[in-house]
Amino acid sequence: QVQLVESGGGLVQAGESLRLSCAASGRTISGYGMGWFRQAPNSGNEREFVAAISWSGGNIYYADSVKGRFTISRDNAKNTMYLQMNSLKPEDTAVYYCAARYDQYSGPDLPRKRQVEYRYWGQGTQVTVSS
């Protein structure tokens, strides 16, 4: 079992930055593909894909809406994944979730963009961007 805990959310003004962290416990994240999703107010149960990093760290995907502004990274030694968010916009307001699944022997070393592909989830951290 992997437990994930997000932190770093908060209230910022448009144009500012935040860095989210996803700390894992229970297992080392080495070998785990990981991703960030977000759920905006009034969006129902659907979580929007934000960014994902493959288990090796060698492949990364971003949603078009955050490309060029957000950077995903991982530090296996600290068992932590990060999301650096720059030039934040009001439409980035959401609860941000990190997710993980063991991928090292599951085929190509590719990030996963679909919510259903992830087995482990954190509880989320609120990001609010005011205009």
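Visitor: How many disulfides does a search of the whole structure find?
Guide: The search finds 1 disulfide. Keep in mind that this is a predicted model.

Visitor: What makes the link of cysteine 22 and cysteine 98 a disulfide?
Guide: The S to S distance is 2.1 Å. The cut-off is 2.5 Å, so the pair counts as a disulfide. Cysteine 22 lies in strand E3 and cysteine 98 in strand E9, 76 residues apart, and the pair links distant parts of the chain. The link is right-handed, with 60° about the S-S bond.

Visitor: Why is cysteine 22 called buried?
Guide: Its relative accessible area is 0%. Buried means under 20%, so cysteine 22 qualifies. Cysteine 98 is also at 0% relative accessibility and therefore counts as buried.

Visitor: What stands opposite cysteine 22?
Guide: Glutamate 6 does.

Visitor: How do you know that E1 and E3 pair?
Guide: They share 5 bridges, in the antiparallel sense. Pairing needs at least two bridges, so E1 and E3 pass.

Visitor: Which residues of strand E1 are on its covered face, and which on its uncovered one?
Guide: Leu4 and Glu6 form the covered face. Gln3, Val5 and Ser7 form the uncovered one. In a regular strand, side chains alternate between the two faces of the sheet.

Visitor: Which members of the largest nonpolar core touch the most other members?
Guide: Leu4, Met34, Trp36, Leu83, Met85 and Tyr96, out of 34 residues. Strands that each supply at least two residues of this core include E3, E4, E8 and E9.

Visitor: What does leucine 83 touch, not counting residues up to four places away in sequence?
Guide: Its contacts include Leu18, Leu20, Trp36, Val50, Phe70, Ile72 and Tyr96. Arg19 and Thr71 are also among them.

Visitor: Where is aspartate 103, and why is it called buried?
Guide: Aspartate 103 is in the loop between E9 and strand E10. Its relative accessibility is 3%. The limit for buried is under 20%, so the label holds for aspartate 103.

Visitor: What makes the pairing of the aspartate 103 and arginine 112 side chains a polar contact?
Guide: The distance is 2.7 Å. The cut-off is within 3.5 Å, so the pair meets the distance test. The side chain of arginine 101 also makes a polar contact with that of aspartate 103, at 3.0 Å.

Visitor: Leaving aside neighbours within four places in sequence, which residues is aspartate 103 in contact with?
Guide: Gly31, Tyr32, Gly33, Trp55, Leu110 and Arg112.

Notes: Residues numbered from 1 in each chain as written. Predicted model: local features only at pLDDT ≥ 70, side-chain atom pairs only at ≥ 80, totals over all residues. Heavy atoms only, no water. Core = buried A, V, L, I, M, F, W, Y, C linked by side-chain atoms within 4.5 Å. Buried < 20%, exposed > 50% of the residue type's maximum accessible area, 1.4 Å probe, protein only. Helix = DSSP H or I, 4+ residues; strand = E, 2+ residues; numbered from the N terminus. Contact = heavy atoms within 4.5 Å. Polar contact = N/O pair within 3.5 Å; in protein donor to acceptor, adjacent residues only side chain to side chain.
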